[in-house]
Amino acid sequence: MTRRHALAWGGGAVALVVAALWARAQIAGLDVETQATNPIVRWEWVFLREETRTELWDATYQHLELTFIAVGAGTVISAALSAVALRLRWSLTPITAFTGFLYTIPSVALFGLLRSRFGNVVAAEVALTSYTLLVLVRNMVAGIDGVPAAVTDAADGLGLSRSRRLLTVELPLALPVIVAGLRVATVTTVGLVGITAIIQLGGLGSLIFDGFGTQYYTKIVVGSVLSVLLAVVLDLMFNRLEILLTPWARRRVAQ
Amino acid sequence: MSEGTAITLTGVTKTFQGSTEPAVRSLDLEVAGGSIVVLIGPSGCGKTTTLRMINRLIEPSGGTITIAGEDIRGRSVTELRRSIGYVIQQVGLFPHRTIAQNVATVPKVLGWEKDRIRTRVEELVDLVGLDRSLLQRFPAELSGGQQQRVGVARALAADPPVLLMDEPFGAVDPIVRGRLQRELLDLQAQVHKTIVLVTHDIDEAVVLGDKVAVLNVGGELEQYDTPDGMLADPASEFVASFLGAERSIKRLSLSRVSDLDLRGGIWVDVSVGLDGVRAAMADSPAGWLGLVDDHRFIGWISADPLAAVASLDDLDPAPPLARIRPESSLREALEIILTSRSAAAVVEDDTGRFCGLVELEAIRRGLAG
């Protein structure tokens, strides 16, 4: 396990403990009667209630769907923006500034603002997508820029066309950096999706909001745990992907 | 002109954007087919710019470049480059591709069949002296010298008539560099390409070039001549200073030991008998003599023990300290004689057959002639 994974797992565990302590404090403030019927986790709700399984599955599915559409659209838009930035060098600064600006808008405000113009789903996706652009564009440009000059010079000198150079030389070499960007974008989006619950979406986030609304803490805990698990699993998957895509980066012989 | 593809530069000029002074000014250069021409000069002399204009990595601002009589602007850039091998100092192997894939780059782009590509790749790694077991490795698993060999193999893959090399051996250590230089000459003897090579190392230029073009800042051609012609008779102060103070020493690396007259010298064949050897010793001004038996050099003897013995078999000749091959350069011969502190080096071929002696005086005469 790498250091980054240790950090991810550790961070998740700390978050859970904090959530549990907070929930406990809330419960302590309740009257005896409510507390008796409302412990932090009601296992019978999680495991015995028939509808729970479908509800959790639907929420997870929606969470993933919102995440993947946002990251997918973000990737397409970022690829286009990166292509422009790589062709016209001067445009990199304004593109970075613009995506950086998008990134700084508070998500709650953006969801609400967009909702007044579009439907809920479109509003959520537009906002989520815009948050992925900064890290994706930055990593795509850095990845292509990181290809050694000698390698592109040799590619040109051997007579590779521009598109062939990009597809067969530059992209494969930039892939680790690009995938690293996708990884960060995906994990952040998983977290942000939860907040879309304020406009009646949010997958696992809606479960958490629901729990707050009804003071049914089991839902909060289950929603949080699943959300963190989702992020960690996706993070690990991208890590595997990165390793699979770059076999050449690890086979080195001591000279 | 000899066989092969000639390259002609006529009035070639390059002024880079934002610069008032041209990097290359009205350069005329004729590269004979099948020859190695070395471009050399101080940094800023436009030697790399000139090289890169030949495969249009840089477009000339003026003038004409023809390859085999055909203007290079008449062909598409990618098609032109695929017909010109290109080797650079940093090699620029594709790190994510195996050695086999790297070498196969141009044939694959040209749409060769798989079998043909495989055969060609194996042929090439043999040609550049690499082991076939390296084919499935990645570049990072190879040493610098091996990588440079792969770079040459990749450049030669589609059998281009022209090879451009930009300081190809600049990044490897001096021992490997010397070996790669000799290998390039051996390779050239087999493939007969028209090679334009850029270097800043005058020794490399002298060893590799059939002709050497010395460029001054701004791409001014100071002299274009054979290495020997240039070393013997520099056209200008600039060329003389660029060639350095050791011009004569450098010329020595252009001549072989076998170029010298090896017949003379202070040695005698044992078949002449004891009296014959004594007579030869009497003629030797140095007071010592080399003994040869059946085309083998036995060793050195001096006058005093020779006078004392009753038979040649009683002599105890001292083994030679300096031995050299006929194909070695005079520079190597000089080096060996000086470091062994001998007065002469024994010349023997691969089989140990005695070919003659080289003395310092013979080297001096070789330089004068």
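# Exercises on a predicted two-chain model

Helix H7 (residues 120–145) of chain A packs against helix H9 of chain A at an angle of about 155°, the axes being 8 Å apart. The model is predicted.

**Exercise 1. Classify the orientation of H7(A) and H9(A), then describe their contact.**

Solution. 
- Step 1. The angle to classify is about 155°.
- Step 2. Angles over 145 degrees count as roughly antiparallel.
- Step 3. H7(A) and H9(A) are therefore roughly antiparallel to each other.
- Step 4. The handedness of the H7(A) and H9(A) crossing is right-handed.
- Step 5. Sorted by class, the residues in the contact of H7(A) with H9(A) are 18 nonpolar, five polar and one charged.

**Exercise 2. Determine how H4(A) and H9(A) are oriented to each other, and list the residues through which they meet.**

Solution. 
- Step 1. Helix H4 covers residues 50–87 of chain A and helix H9 covers residues 162–193 of chain A; their axes come within 10 Å and cross at roughly 140°.
- Step 2. An angle over 145 degrees would be roughly antiparallel, and one from 65 to 115 roughly perpendicular; the rest, apart from angles under 35 degrees, count as oblique.
- Step 3. H4(A) and H9(A) are therefore oblique to each other.
- Step 4. H4(A) passes H9(A) in a right-handed crossing.
- Step 5. On the H4(A) side, the residues in contact are His63(A), Leu66(A), Thr67(A), Ala70(A), Val71(A), Thr75(A) and Arg87(A). On the H9(A) side they are Arg162(A), Leu182(A), Ala185(A), Thr186(A), Thr189(A), Val190(A) and Val193(A).
- Step 6. The residues of this contact between H4(A) and H9(A) comprise seven nonpolar, five polar and two charged.

**Exercise 3. Summarise chain A as a whole: secondary structure, extent, burial and contact range.**

Solution. 
- Step 1. Chain A has eleven helices and zero strands.
- Step 2. In sequence order the pattern is α-α-α-α-α-α-α-α-α-α-α.
- Step 3. The C-alpha trace of chain A spans about 80 × 50 × 30 Å along its principal axes.
- Step 4. Of the 255 residues in chain A, 43% are buried.
- Step 5. Take the contacts in chain A between residues at least 6 apart in sequence: 74% of these join residues at least 24 apart.

**Exercise 4. Decide whether Arg120(B) is buried or exposed, and find its partners.**

Solution. 
- Step 1. Arg120(B) is part of helix H5 (residues 114–127) of chain B.
- Step 2. The relative accessibility of Arg120(B) is 14%, so the residue counts as buried. The cut-off for buried is under 20%.
- Step 3. A polar contact of 2.7 Å joins the side chain of Arg120(B) to the side chain of Glu123(B).
- Step 4. Leaving out residues up to four places away in sequence, Arg120(B) touches Trp112(B), Leu156(B), Ala157(B) and Asp159(B).

**Exercise 5. Carry out the corresponding analysis for Arg323(B).**

Solution. 
- Step 1. Arg323(B) lies in strand S14 (residues 323–324) of chain B.
- Step 2. With a relative accessible area of 43%, Arg323(B) is partly exposed.
- Step 3. Beyond residues up to four places away in sequence, Arg323(B) touches Ile336(B), Val346(B) and Glu348(B).
- Step 4. For Ile336(B), the separation from Arg323(B) is 13 residues in sequence and 7.8 Å in space, C-alpha to C-alpha.
- Step 5. For Glu348(B), there is a polar contact of 2.9 Å between its side chain and the side chain of Arg323(B).

Technical notes: Residues numbered from 1 in each chain as written. Chains lettered and ligands numbered in written order. Predicted model: local features only at pLDDT ≥ 70, side-chain atom pairs only at ≥ 80, totals over all residues. Heavy atoms only, no water. Axes fitted to C-alpha atoms, helices over the stretch in contact; angles between N-to-C directions. Helix = DSSP H or I, 4+ residues; strand = E, 2+ residues; numbered from the N terminus. Left-handed = near helix turned anticlockwise from the far one by under 90°. Contact = heavy atoms within 4.5 Å. Nonpolar A, V, L, I, M, F, W, Y, C, P; charged D, E, K, R; others polar. Buried < 20%, exposed > 50% of the residue type's maximum accessible area, 1.4 Å probe, protein only. Polar contact = N/O pair within 3.5 Å; in protein donor to acceptor, adjacent residues only side chain to side chain.
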